[in-house]
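Open the structure in your viewer and keep the selection tool at hand. The stops below say what to select next.

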Amino acid sequence: MTANDTEPVPAPRVVPTTNGSEKRKERGVTFRVLVYVVVAHVMAFYLWLMFAVVGKR
């Protein structure tokens, strides 16, 4: 071996961690679905109410 030859240095191992980010994403999706369901029901009730009011005339 000469002075310029060095042993190869192994690359550092990368350990994947989620740090709870998957749980946060799941909570976000759950929250969004709940909001969409509530908003859809409110809109459906509003339309039903409009038809009920117009139908009485």
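Start by selecting Trp-48, which is exposed, with a relative accessible area of 55%. Here exposed means over 50% relative accessible area, buried under 20%, and partly exposed in between, using a 1.4 Å probe and protein chains only.

This is a predicted model, in which local features need pLDDT of at least 70 and side-chain atom pairs count only at pLDDT 80 or more, while totals for chains, interfaces and linings use all residues. Residues are numbered from 1 along each chain as its sequence is written, and side-chain values use heavy atoms, with hydrogens and water left out.

Next, select residues 21–55: this is helix α1, and Trp-48 is found in it.

Now show the whole chain. Of its 57 residues, 0% are buried. Its accessible surface is about 6100 Å², and 67% of that belongs to carbon and sulfur atoms (Shrake-Rupley method, 1.4 Å probe; for residues, only the protein chains shown count as cover).

Last, select Glu-22 and Lys-25, whose side chains meet in a salt bridge at 4.0 Å, N to O. The term means a side-chain nitrogen of Lys or Arg within 4 Å of a carboxyl oxygen of Asp or Glu. The two residues are three apart in helix α1, so about one helical turn separates them. Glu-22 is partly exposed at 40%, whereas Lys-25 is exposed at 53%.

Conventions: Helices (H or I, at least four residues) and strands (E, at least two) are DSSP runs, numbered from the N terminus.
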